[in-house]
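Thanks for coming. I will go through one structure today, starting with chain B and ending with chain A. Please have a look at it first.

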Amino acid sequence: MDQTALIEAAKERFDFDAWPRLVGVEAARRTTGFVLDLRSSFTGWAMERRIAHGDRGYADYFQEVPEPEHRVMVRVTEHASHDAALLALLELLSGSMVVSLPRLDDLLIGDVTFCGHDEQVNALFFVRHNVLVDTRSIGDAPVSVLPFARLVDQQIFAASA
Amino acid sequence: MQSPFRTDSSYVALALDALSSARTSAAAGNLLTGARAFSIDAWIRFNGLPAETVVIGQDGVFAFGSQGPAVYFQFGTQSVILSDLAQAQLQDDSWHYICITFDGAMVRLYIDGRFNTGQNAMAQLPAGTLPVVFGQGLQGLVRRIRIYNVPLSAQAVLDNMYGPPTSGTLAADFDFSVNPAVDRGPFAYPISLQGSALAFKVSPAASLGTVGFIRPMGEKAVNPGGGQTDPYTVQTWVYVAARLNPVQAIFVNSDLMLDTGIALLLQYDATVSAYRVVSQRGSDSDSGQSLTSSGTIPVGVWANVATTFDGVTLSIYLNGVLDRTRVCAPIPLYSQFSDLVIGAAIAQGVASGATTLQGYVREVDVWSVALSAASIVTNMAVPPDLESVSLEAAYVFSNSPARNQVNGHPIGLAEGAVLSGQLGPAPVSAGVPMAVEEAPPPPMGLDPDLMAELRAGLDFSDLVERHAADFDAAMDADIVAFADPRDQILIASAWREARRKLALEPTSLPFLVTEHRIAGDRLIVVHRPAGSYVAYRADEAALDDCTMWKIRLVFTLIGGAIDALTGVGSTLTDKAIVQLGRLLTLPRVAAQMAAGVRLTAAGVFAVLGAAYTAGLLRPLIVALIDVGFWTLIRIIANLLLTASGVGSVRVIASLTATAATFISVYLQKPASCDPLPVVNMASLAFDYSPTSAAGDALTIRRNYGNDVAVPEWVPGRRNAVDAPCAYAISSVSGATPSVQVVLNIADVTTHSVRIQATGGGILGAVDPVSVTFTGTTATLTLPLSHHTLAAGGVQRTDVAWTWQYQVDGGAWMTMAVTQHRVYVVLSPPNAPWQQGALRTNQQLPWTDVLDFTCEWAKGATTPGQVLTMVTTRVNSGIGLSYDMTSGASFYTAQSAGVSRFLCGLFLDYLRTGGGNGRTVNCTDCATIVTNFANIAGVDVFASIMLNTANPSTGFACNPILAVGQTTWAAPFPPGNSFSYHEVTWSGTGSYPDAIYDACLQYDTGPNPWGTGPHTAGLPTNVVFSTLGAALPQLPLPTPFTANSYREGLAANSVPGIGRCLPFGPNPGSNAGRRPVI
């Protein structure tokens, strides 16, 4: 058994074949050189730093100033195509110890979106066009990452061509 | 002290070519007929040294100028008096101070303040009627020419080089430092320019030429952008002279084709006929990111260009004004070392002349922080504080030799790049002000009567008499250093005169330093023939006796040398004291100082040379003397050229007074002051063999971005953490590891020297060993015969060695105390950690990880103990918490197709609580335990269990106590299952192999599947399953008492135990040994 088998298993776990596929103009839309800038978007949140992540991606770290136990990590990685981004999302999800995770497409964030098994959305993984986004609460006290995810999605959408 | 303000360093001078000149009235030459005594001095810079030039002359009366590299003087048509080329030579493109004195019988020539030659001359010429001419056949710059009505003494020549002449001695003072030039003498002779002579404004800078470039040397660490997201600032002054290249590079530290490094460039915009500034991150292809200024840099104007990056935002400043910004992603590739070039870009590995800056660059400052807009403006006006920890480099090209002012590293100029200056027409000087550039004597700083009392009370006669043998020895050493009897006579004469003055007329010494206590203050007073002044004054408690004495010693050396070679008086500021303190840390300087009463004039010269080599001489000069910039650059050039060369007999002779004065100060050593060492320890290396020879230490680095420099200890590294080493017990048990030590002495010696080290903790003391010096250096490989590295198991401990030397069996003298952090592990590290000669390998063991492993597994002597202790700590000692909602990994990530351990972020969590936070999953725990154990020589890997028949289903679990949880619960819906589970596994990762799982505790009771009370146990050193590969009949009967991991974890059913099977390492995880990043 090799990596392929595990990926095939992950497709089954996360119902990959049922993921919505973009068609036509939307499928061709790409975002290249996308650089996130959330610093002025959230009152009371400070950007800790930006570091390189994976292959040509980066991770931004934020901390809520009045409540420093609230921290959020946003990872952004561009891929060659929408399909490649979907496969990267699948690979990310395959590392989860959970057999399956809930889809969260109702929020209209991303083209394909997953979250954790919790009431509050402490982690959100989505693909918009050719960009994979991984947003997580990483502070000592959990905080919803939805506002971050929504804004990231908007910025990707605005930057797409 | 130099003005704290940063200027463009420009000055005005008269530019001449071979066909141009300046003229003044014939009457200006009336003094120069040979009938009366006179002197002439001139500041001049030759651009080419032709067969003959006339700096100043009057046809048929006199001529003073150059012949090739020599200076000459001639009365009428009498024979030419030529300077002695063996003593000094004129240099092309360097400022020289030349002087001729005539006392009515003898002509004396001086070059750069030092007497060169003398020759009898008699003349009685009629006064000339033709104009006095400045510059015939002369190509270069003229700054000042003065005619004196007295024959200047040698001391007066030296004093007048940088200081104002004695009142009433000037007959004419032709000042070309203003536009128009004027005669500031009593007769105010008119000056007219002939031909193409023109007053030029000269801005000292590096000219890149057509295809030149500048390559700072030894500057691998000046690497903005190398860390992908590291903050930086590059700020520079540039002048574009021509539009030849559409892209002109200012600062580049990587090939533009590579996805790493940064560049600061100029890009021509034809639509506005000017250059825009481009700040580039990564390559210039699509994968890079660049920011182009909206403003422009015109051709033919000096401009201040800066770029900053704060981790997210890239900015460009033009002349201190923020021009544009953009947010940036990290640079794609990490780069540990800089490939730095200034003035050209790197293409395909070499500096490209096609991108050479067609103009000049004056200064480049590199910071490891993003300066604020206010700081950018400030740094335009004020030089950076060289002590600032965030200042990486300050390359200054306004004087020669160019160096990084921060660390003294030299700078190479290639393919036609030169330090010269940008020339442009000089503006008309408003009101023709007097140029303020001469060095006035420092203010007295004390009540005149009290100072006179101090001065009158100086008496060293007894000291000189009592220590005559010491002075004899120093003098003899200087004399025998020269083979030519004439040189020996000169040196002997200089020494005798210095000793006579010290004994009988101490105030006639050029630079005598004394210390006094007045009104609760300590004062350092400098006595010169013209008077005395307070060079330093501070509260009595500010400095102890010994420190004060050392300051006097080194101030006597450097201030005395400056005085001897330039005639300029020095004062001590706090900044100067800091610089002198740095000088004292140089082994060569300390060795010379240790010579004490045996210090020679050659030794003084050696101190200058050591300060020059270390890059300290220029900042010392800047800190010690108070002159204008033009004077300063000439003094620096003069001293640096002297210090960088071979000490001629004249130079050494001029320093004898300094040596004699030093001896007098040395003899006043306070009782509280330890003797300075004679043998100095230059370095100590643990991992000294690049091929990991038997006996040396493990090759380690600090973390992903920083290596451990070898030798690990050099002077100045005072903390144990700064000089670490690591040993494997398996390598040193029954063996004798060794260290490599480099020693320096001041001079070749015939004495026997031994060294030893006491203390050393687990490294043990170093037995006495004889030292054989090769010249003045010895490299020793010393066995650690008394080490007890293996006795304590895994550990981290700080040790200190007191290194001592002994000369001719005398008392042991301490030369250094070295502190070290010692890491001891079981065996050489296993993958992902590596060993090898390449110190840039980021998979070498990190001391940042060893800091934790050696603490967590302290005392462990077996791999099993290490694993158990590390697993226990990860499970319950560092605050980790299981991801109960998404089960995702927080500390692993894919890169280049391989799953990697985000070790740097995890260390950040351990140290600060930051990083990626406390939430983890099983992959994280397995990876952490594996990496933190394998660095100590354990050999395990992260491996997974799942339903190999259908990996998509997972396996059902028992209630567990997940890491960081306080209640028992079965994991995730649906079906309380794990999709897979990853643990640290030994052996082949199969049924009988031991598992260590920091992710959870399970029920170790006889019925792990029951609903009753649970007995929590951490899975350490437990086999995967005692039942083996054959699937048993399920459910298993209770009680189940075997110590078997799977049965404790998985439900007692086919969907549980039946689907929980060994799989092996996760594909793409480097066989379960995830590389660290």
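For chain B, an unreviewed UniProt entry annotates residues 36–155 and 230–374 as "domain: LamG-like jellyroll fold". UniProt positions are in the numbering used here, feature names are shortened, and annotations may be inferred rather than shown by experiment.

Before going on: this is a predicted model, where local features need pLDDT of at least 70, side-chain atom pairs count only at pLDDT 80 or more, and totals for chains, interfaces and linings use all residues. Residues are numbered from 1 along each chain as its sequence is written, chains are lettered from A and ligands numbered from 1 in the order in which they are written, and side-chain values use heavy atoms, leaving out hydrogens and water.

Back to the annotated spans. Residues 36–155 of chain B are 2% helix and 53% strand, with end C-alpha atoms 21 Å apart. Residues 230–374 of chain B are 1% helix and 50% strand, and their end C-alpha atoms also lie 21 Å apart. Helices here are DSSP runs of H or I with at least four residues, strands are runs of E with at least two, and both are numbered from the N terminus.

The unreviewed entry also gives "transmembrane region" for chain B, at residues 553–572, 593–614, 620–641 and 648–667. In the model, residues 553–572 of chain B are 70% helix and 0% strand.

Next, a sheet in chain B. It is open, with five strands in the order β40-β46-β45-β42-β43 and mixed pairing. Its edge strands, β40 (724–728) and β43 (766–771) of chain B, each pair on one side only. Two strands pair if DSSP finds at least two bridges between them. Strands β45 (795–807) and β46 (813–825) of chain B are antiparallel, with 11 bridges. Within that chain, B:Y805 has B:M813 in β46(B) as its bridge partner.

Now chain A. How many helices and strands are there in chain A? There are four helices and six strands, in the sequence pattern α-α-β-β-β-α-β-β-β-α. Chain A has a radius of gyration of 16 Å, close to the 15 Å from the globule rule for 161 residues, so it is as compact as a globular protein of that length. That radius is taken over C-alpha atoms, and the rule is 2.2 Å times the number of residues to the power 0.38. The C-alpha atoms of chain A fill a box of roughly 45 × 35 × 30 Å along the principal axes.
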